[in-house]
Amino acid sequence: APYVPPKQKQVGKSYPDKTIEIFEGMTIRELAKRTGATIVSLQEILMNVGEKIDSEFDPISVDIAELVAMEVGVNVRRLHSDEGATLQPRSPVVTVMGHVDHGKTSLLDALRETSVAAKEAGGITQHLGAFVVSMPSGASITFLDTPGHAAFSAMRARGAAVTDIVVLVVAADDGVMPQTLEAMRHAKAANVPVVVAINKCDKPAADPERVKIQLGSEGLHLEDLGGDVQVVEVSAITKSGLDRLEEALLLQAEMMDLKARIDGPAQAYVVEARLDRGRGPLATAIIKSGTLICGQHIVVGGEWGRIRAIRDMVGKLTESAKPAMPVEIEGLRGLPMAGDDIVVVDSEERARMLSNGRKKKLEKDRLRKVSEERIETQDTSEEASERVELPIIVKADVQGTVQAVTDALRSLNSPQVFVNIVHVGVGPISHSDIDLAQACDACIVGFNIRSPSSSITLAANQANIKLCLHRIIYHLLEEMGNLIVDRAPGTSETQVAGEAEVLGIFELKGRSKSKGPDVKIAGCRVLDGRFTKSSTVRLLRSGEIMFEGSCVSLKREKQDVEAVGKGNDCGLVIQDCDDYRIGDVIQCLEQVKRKPKFISSESGAVRIEC
């Protein structure tokens, strides 16, 4: 009997850009309606994950609903219900944003009486710092300090997403700058109220009124101009106006009536993640609602773990974390991405299952994105074929910084050099990084990490691998920009190397057959630059190009020469050209390679200009 192949199992259509909302206790029918899949296909998936469902109206847990939705191929957003729970007032989470070097960290120092700015490399913040400040009035406020440099845009957006109030710091002597406007856009996108703090009011050049007019013209409705946005003039150095800033923040929080559920499983967000040598992966998180307890199983993005220890931002161990409290969580199996949400699950098995499902979905999305980019880059032009690749391995101290540095390096892509980030990681440079760099001829960028050991440095030198170690983002981008310029092949351009005027014409007649036919020689004087025998020459008459060809003979005082400088007379013969006239101009042309330029603007943004 002939072989009959089995029927192909029909795979449901994937919707990678579709996002559905899921909640605890939703039914299979409800999930089928939202995902667009059939009830039978969802029941098959449930059987595969080991869940027994008798009816399509049976409720399922939110974790199982997420697993099923990911298997179908849609993105999910969890809805957390506070119905029936007692809501209690909580502290406001305040994010401090603004342009680089406008005094954000100094202002927070003044509020909490410690010096962070002095410890930071170059005096600029390169992390998302979270801490609680207790006010003299007895109230406490959770502050997030965001970096102001152009490269840390994603970290500022993340700060705005988890916050209740944004404090926009503007220097009174500097005014509104690019990152000030960007911070305003982030706050508007997250629908978060803004309180403006005009800093550095103690400086002689301070002009707070000018700043207010600038902010008003940018669409911020200030109280002084009849709006509802509070403005406070402060000075971090002299500590003036801090009590008014505290009052403004507490008034804004009171108007918002901030309350959160204390009981039940916690809902939290990761604002930063780093790898510690002794304690492993650590995640800095802010609790939105509920209580996070030591020993619980959690899933953070694609990673899972059992909470081994919870520390507050001073480093003190605590058994649980309440809403609006920034804590450091220890016990994760891997390093989560900054911005991931933290989900508390019942058991290790459920945590492992959910983590595997999320990892599979992330990998599927990544491969889809890569294939889309490949299709886009197939229609490349002839110029693109000359593009060289610069592979880079990025290592930094925390996850958020890795992201920021990677995005900043990718912004240095140009038509001549393609910046290819082959690997990113948190922690110091290891021997495996050196092996990977050697395999793909990459350079290693280390940001804010400790210096590598002598054995690693020696291995890098022997393999001829470039190590770029920096603590300040400006210096890192400057060095990488210059490296990209060096690697760029450059574009070929024709430029005029010298100009000469024809003063006389000489003709050689009656030459023997062995020497060739008659030739005309142009007697010239070099007016500018220099003439070389190997270059191409151009004959101009009244500004029009009459002929272009190669120089076959160049003589000075009857001697063959390779080059003639400015002010000297010479005789030259252009191949296949005998139409010279006295007064004609002859140009000597040469091919030069023009390299791209590395440009850094005042706002901190960098680019490569070809």
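1. In this predicted model, the buried residues of helix H10 are Gln399, Gly400, Thr401, Val402, Ala404, Val405, Thr406, Ala408 and Leu409. Nine of the 12 residues of H10 are thus accounted for as buried, and the helix is mostly covered. H10 spans residues 399–410 and reaches 17 Å from its first C-alpha to its last, close to the 16 Å expected at 1.5 Å a residue.

2. The sheet that deserves attention is open and has four strands, in the order S23-S22-S24-S25, with parallel pairing. Its edge strands are S23 (417–426) and S25, each of which pairs on one side only. From one strand to the next, the twist averages 20°. Helix H11 (residues 431–440) packs on this sheet and touches S22, S23, S24 and S25. The direction of H11 makes about 175° with that of S22.

3. Strand S24 (residues 443–447) is largely enclosed by the rest of the structure, because five of its five residues are buried. Both of its faces are covered: on one side lie Cys443, Val445 and Phe447, and on the other Ile444 and Gly446, all of them buried.

4. The pairing of S24 can be followed on each side. With strand S22 (residues 388–396), S24 pairs in the parallel sense over five bridges. Within this pairing, lysine 395 has glycine 446 of S24 as its bridge partner, and alanine 396 has phenylalanine 447 of S24. With strand S25 (residues 467–470), S24 again pairs in the parallel sense, over four bridges. Here the bridge partner of isoleucine 444 is leucine 467 of S25.

5. Helices H2 (residues 39–48) and H3 (residues 62–72) pack at an angle of about 115°, and their axes are 10 Å apart. The crossing is right-handed. H2 contributes Leu42, Ile45 and Leu46 to the contact, while H3 contributes Ile64, Val68, Glu71 and Val72. By class, the residues of this contact are six nonpolar, no polar and one charged.

6. H3 itself is mostly covered, with 10 of its 11 residues buried. The buried residues are Val62, Asp63, Ile64, Ala65, Glu66, Leu67, Val68, Ala69, Met70 and Val72. The list thus includes charged side chains such as Asp63 and Glu66. Glycine 73 follows H3 and has a positive phi, near 105°.

7. Glutamine 252 belongs to helix H8 (residues 242–256). Is this residue buried or exposed? Glutamine 252 counts as buried because its relative accessibility is 9%, and the cut-off for burial is under 20%. Leaving aside residues up to four places away in sequence, glutamine 252 touches Ile165, Pro193, Val195 and Gln230.

8. Tyrosine 474 is found in helix H13 (residues 473–487). With a relative accessible area of 33%, tyrosine 474 is partly exposed, since that class lies between the limits of 20% and 50%. Tyrosine 474 and serine 600 are 126 residues apart along the chain, and their C-alpha atoms are separated by 9.1 Å.

Technical notes:
Residues numbered from 1 in each chain as written. Predicted model: local features only at pLDDT ≥ 70, side-chain atom pairs only at ≥ 80, totals over all residues. Heavy atoms only, no water. Helix = DSSP H or I, 4+ residues; strand = E, 2+ residues; numbered from the N terminus. Expected span 1.5 Å × (residues − 1). Buried < 20%, exposed > 50% of the residue type's maximum accessible area, 1.4 Å probe, protein only. Axes fitted to C-alpha atoms, helices over the stretch in contact; angles between N-to-C directions. Left-handed = near helix turned anticlockwise from the far one by under 90°. Contact = heavy atoms within 4.5 Å. Pairing = 2+ DSSP bridges.
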